[in-house]
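Here are my notes on the model, jotted down as numbered points. Have the structure open while you read.

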Amino acid sequence: LLHRWSKKWVVLKDHELQYWDDQRRHDMGEEPKAVYRLSDPSCPFRFAAGDREDQFLQLVVASHQLEAHWTPRLRDETPESEVCAAARDWLQAILRHSIDPHSPPI
């Protein structure tokens, strides 16, 4: 994924979004550059669809301000429709990881 203007290697696992500067750092076992516990109510960020179909937004909860745009980075020759679909898939996955599996149903 492209975070703001630089590429990141992103992993969604156990209700966390973690990212590294690149896949090599992840594969070498380095600690992530950032970890967001998505299902934690005190997580400072939320994610949402944006005006562009090929990206999604990271918003600061406290101020409702835009923190970053995230854009899937696929092969250069990837059709725009596939990039848009990948952005929707990432946002859906992030939203699924934002739900606390231990919270009671509403």
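1. Start with Gln 18: its bridge partner in E5 is Val 35. Four bridges join E4 to E5, and the two run antiparallel. Strands and helices here are DSSP runs, numbered from the N terminus (H or I of at least four residues for helices, E of at least two for strands), and two strands pair if DSSP finds at least two bridges between them.

2. A word on the source: this is a predicted model, where local features need pLDDT of at least 70 and side-chain atom pairs count only at pLDDT 80 or more, while totals for chains, interfaces and linings use all residues. Residues are numbered from 1 along each chain as its sequence is written, and side-chain values use heavy atoms, with hydrogens and water left out.

3. The open sheet has three strands in the order E3-E4-E5, with antiparallel pairing. E3 and E5 (34-37) are the edge strands with a single partner each, so one side of each has no neighbour in the sheet. On average, neighbouring strands are turned by 15° against each other, direction ignored.

4. H2 packs on this sheet, touching E3 and E4, and its direction makes about 40° with that of E3. For such angles, axes are lines fitted to C-alpha atoms (for helices over the stretch in contact), and angles run from 0 to 180 degrees between N-to-C directions. Buried residues of H2 include Val 83, Leu 91 and Ile 94; buried means under 20% relative accessible area, exposed over 50%, partly exposed in between (1.4 Å probe, protein chains only). Their cover includes E3 (9-13), E4 (16-20), E6 (45-49) and E7 (56-60), with contact meaning heavy atoms within 4.5 Å.

5. Five bridges join E7 to E8 (residues 65-71), again antiparallel. Val 60 has Gln 65 in E8 as its bridge partner. Four residues separate the strands of this hairpin, and His 64 takes a positive phi near 60°.

6. Now the charges: there are six salt bridges, each a side-chain nitrogen of Lys or Arg within 4 Å of a carboxyl oxygen of Asp or Glu. Arg 52 and Asp 54 meet at 2.7 Å, N to O; Arg 52 is partly exposed at 46%, whereas Asp 54 is buried at 14%.

7. Which side chain does Arg 88 meet in a salt bridge? That of Glu 53, at 3.7 Å, N to O. Arg 88 lies in H2 and Glu 53 in the loop between E6 and E7, so the pair ties together parts 35 residues apart in sequence.
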